Amino acid sequence: MNPMGISTMKPCCKILISCCSKTSSFFGFSIPKSQNPSSVLRSYRKLHSCSDHNHHQQIVGIKRLIFQKPISNSSWGGQSRVFSNCCNVNRFRGFSVITNVASDIRHNSTSSSVEGHVNEKGFERIYIHGGINLNKPLAEDVEVKDKQVIIEEAEEKQNPSLDNSSVQNTENVKNFRKRDLSEIEKEAWDLLRESVVEYCNSPVGTVAANNPNDKVPLNYDQVFIRDFVPSALAFLLKGDGEIVRNFLLHTLQLQSWEKTVDCYSPGQGLMPASFKVRTVPLDGNAGTTEEVLDPDFGESAIGRVAPVDSGLWWIILLRAYGKITGDYSLQERVDIQTGIKLILNLCLTDGFDMFPTLLVTDGSCMIDRRMGIHGHPLEIQALFYSALRSSREMLTVDDGSKNLVRAVNNRLSALSFHIREYYWVDMKKINEIYRYKTEEYSTDAINKFNIYPDQIPCWLVDWIPDRGGYLIGNLQPAHMDFRFFTLGNLWSIISSLGTPRQNQGILNLMEDKWEDLIGHMPLKICYPALEYDEWRIITGSDPKNTPWSYHNGGSWPTLMWQFTLACIKMGRPGLAEKAVALAEKRISEDKWPEYYDTRTGKFIGKQSRLYQTWTIAGYLTSKMLLENPEMASLLTWNEDLELLETCICALTNTSRKKCSRRAAKSQILI
């Protein structure tokens with residue numbers, strides 16, 4: 001049995017989640033004569049998630065369906081498909097019998113059922129062993145006298161964790177709606193709402209860009225997990241949680257299915273980079289159509305690189321949904337808990353690496369083209385750390401998950417120490433590297449990664465300020481990438497991956513180097529750009545990543561919301577206000593571009609999409625957070641001193657010395 005509490009499952013073939021637009025069969029499925037409950041239970045996860053936020057009438061037949069007849073599969077384009085009926089029927093907010101059932105399952109299930117193998121009848125054990133209480137009346141047994149009473153009772157049962165802070169959060173959200181919006185904010189909201197994608201008459205996300213004049217949208221007409229996060233936060237802060245809940249549930253259904261590039265399948269638990277809602281003819285019913293969710297796991301992407309960060313963003317957004325809405329019942333569902341475990345199991349799998357950082361390929365994150373960030377890029381480590389901390393808050397601790405929680409705690413401890421100790425550079429650290437000795441062989445080596453002093457670039461010697469510093473972009477044996485990567489540094493502040501002193505130092509550097517990192521349009525994705533031979537060798541002469549363009553030193557307005565979070569957390573909202581005010585001068589006039597070019601961000605990117613949704617959403621989220629900074633505390637993490645008390649790299653069974661966690665704590669905690 002896997003120590004993480006989840007066994008390995010062989011991925012099945014490509015799944016397109018679908019719903020019928022017109023059908024006469026029960027729940028939109030054709031029901032075969034077979035009465036094998038295992039087939040039904042394997043499909044229950046699909047039905048459970050899709051139905052949870054939809055309607056009361058579908059719920060009525062659940063008890064009969066679970067132990068009666070299985071759901072059939074059909075095919076489209078030679079690939080198997082699982083149907084999920086999501087069609088809208090009359091519904092009312094706040095009440096879901098299925099959510100109650102899921103909660104009961106989690107609380108009543110045995111440890112072995114929660115831990116159970118996902119493929120080998122694992123879900124069957126969860127629902128049968130865990131015991132859906134057949135004596136408990138479901139919706140079909142309940143006489144609905146007053147919907148409002150039922151809604152209040154359901155909300156009270158589903159949200160026992162609602163407290164005064166959650167009530168205060170609700171009041172804060174209401175205040176957003178009361179405030180008079182500026183003309184640019186009104187325009188932004190109109191554009192954001194126009195970008196919403198519906199699936200079976202329910203909102204499930206926003207397209208990456210919504211320019212009506214774009215004749216070749218490529219994949220910008222899809223819903224990206226990474227891109228949707230600022231849109232989700234804008235909707236949550238505005239008081240609309242439905243689209244976020246739908247997004248989390250539907251993307252969960254796309255998790256773990258087999259996607260291949262040259263017959264190779266990535267690990268189970270992988271989240272797609274994006275998905276598209278497609279309307280296709282319904283098999284066997286002439287003239288009728290159905291909607292399907294078609295995910296992209298990287299097999300259609302430029303470079304064919306799987307997204308490492310999608311699952312990490314999904315976990316981070318799941319936490320944010322609970323924090324802002326006060327609805328923690330979503331986190332408690334069995335399918336959500338299993339989804340978290342699958343992502344963690346994929347990320348925490350042992351390999352050949354000696355470092356606690358996550359090993360990834362180039363182009364597997366926001367910088368999704370060849371830019372020399374393969375190995376252990378800071379951006380992924382910061383998101384990984386945030387996802388681990390989020391998971392530790394949300395995981396239900398029981399016999400089936402305690403080993404996973406222990407692994408999360410150990411990794412958090414090692415990762416925080418590793419990044420704080422080895423990725424941080426300031427004037428003092430650079431001078432130390434400048435005097436490094438090389439080829440040191442011992443456990444007491446100072447130059448542990450055999451970094452050559454000549455690697456210190458000339459630009460850095462003159463650029464690093466006397467006050468402040470930053471976390472470098474990457475660290476590997478005999479190589480330090482000294483570039484400043486904005487997203488990784490901002491998330492290190494937001495998640496407290498850096499120390500309080502380091503977090504302040506990063507903002508000090510950004511303030512001191514304002515013209516370089518902010519310029520005419522916030523914010524530079526990395527600094528400096530790769531130029532000349534370095535650009536040709538590292539990017540392969542990428543025509544889109546020319547110097548000071550796109551990912552190679554371009555300016556991305558969507559980074560404003562993360563900059564705002566970091567500034568508010570560190571008590572320096574004035575920096576964020578200055579950046580947002582700077583963007584307001586031209587971002588609407590420029591039609592909300594994806595990115596800006598040149599060293600100071602003067603020009604709209606040469607291949608930049610207009611009406612880029614996460615540019616719009618990033619601006620709105622920044623404005624709302626600055627208007628009500630108390631909400632920012634729900635999206636950040638404070639320093640966790642317990643992580644620093646645990647040293648997990650002590651090798652007690654060998655003659656090697658223990659790592660110097662306690663000795664290093666004095667300088668790390670400053």
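1. Start with V425, which sits opposite Y470 of β10. This is a predicted model, so read that pairing, like the rest of this note, as a feature of the prediction. The strands involved, β9 and β10 (residues 469-476), run antiparallel and are joined by 3 bridges.

2. Zooming out, β9 and β10 belong to an open sheet of 4 strands, ordered β9-β10-β11-β12, with antiparallel pairing. The edges are taken by β9 (424-426) and β12 (526-527); each has a single partner strand, so one side of each has no neighbour in the sheet.

3. Which helices lie across these strands? Helix α16 (residues 402-422) lies across β9, β10 and β11 (479-485), and its direction is at about 110° to β10. Helix α19 (residues 486-494) lies across β10 and β11, this time running at about 80° to β11.

4. Now for a helix pair elsewhere in the chain. Helix α10 (residues 225-238) packs on helix α11 (residues 242-253) at an angle of about 150°, and their axes are 9 Å apart. With angles over 145 degrees counted that way, α10 and α11 are therefore roughly antiparallel. On the α10 side the contact uses I225, F228, A232, F235 and L236, and α11 brings I243, V244, F247 and T251. By class, that contact of α10 with α11 has 8 nonpolar residues, 1 polar and no charged.

5. How are α12 and α14 arranged? Helix α12 (residues 309-325) and helix α14 (residues 334-347) pack at about 140°, their axes 10 Å apart. That angle makes α12 oblique to α14. The crossing of α12 past α14 is left-handed. From α12 the contact draws on G311, L312, W314, I315 and L318, while α14 supplies I336, I340, I343 and C347. Sorted by class, the contact of α12 with α14 comes out at 8 nonpolar, 1 polar and no charged residues.

6. Last, the aromatics. The count comes to 20 aromatic pairs. Take W459 and W463: their ring centres are 5.7 Å apart and the ring planes are at 65°, so this pair is edge-to-face. What separates W459 and W463 along helix α18? They are 4 residues apart in α18 (residues 458-463), which means about one helical turn lies between them.

Technical notes:
Residues are numbered from 1 along each chain as its sequence is written. This is a predicted model: local features need pLDDT of at least 70, side-chain atom pairs count only at pLDDT 80 or more; totals for chains, interfaces and linings use all residues. Side-chain values use heavy atoms; hydrogens and water are left out. Axes are lines fitted to C-alpha atoms, for helices over the stretch in contact, and angles run from 0 to 180 degrees between N-to-C directions. Helices (H or I, at least four residues) and strands (E, at least two) are DSSP runs, numbered from the N terminus. Angles under 35 degrees count as roughly parallel, over 145 as roughly antiparallel, 65 to 115 as roughly perpendicular and the rest as oblique. A crossing is left-handed if the near helix is turned anticlockwise from the far one by less than a right angle, and right-handed if clockwise. Contact means heavy atoms within 4.5 Å. Ala, Val, Leu, Ile, Met, Phe, Trp, Tyr, Cys and Pro count as nonpolar, Asp, Glu, Lys and Arg as charged, and the others, Gly among them, as polar. Two strands pair if DSSP finds at least two bridges between them. Rings of Phe, Tyr and Trp (its six-membered ring) pair if their centres lie within 6.5 Å; planes under 30 degrees apart count as stacked, over 60 as edge-to-face and the rest as tilted.
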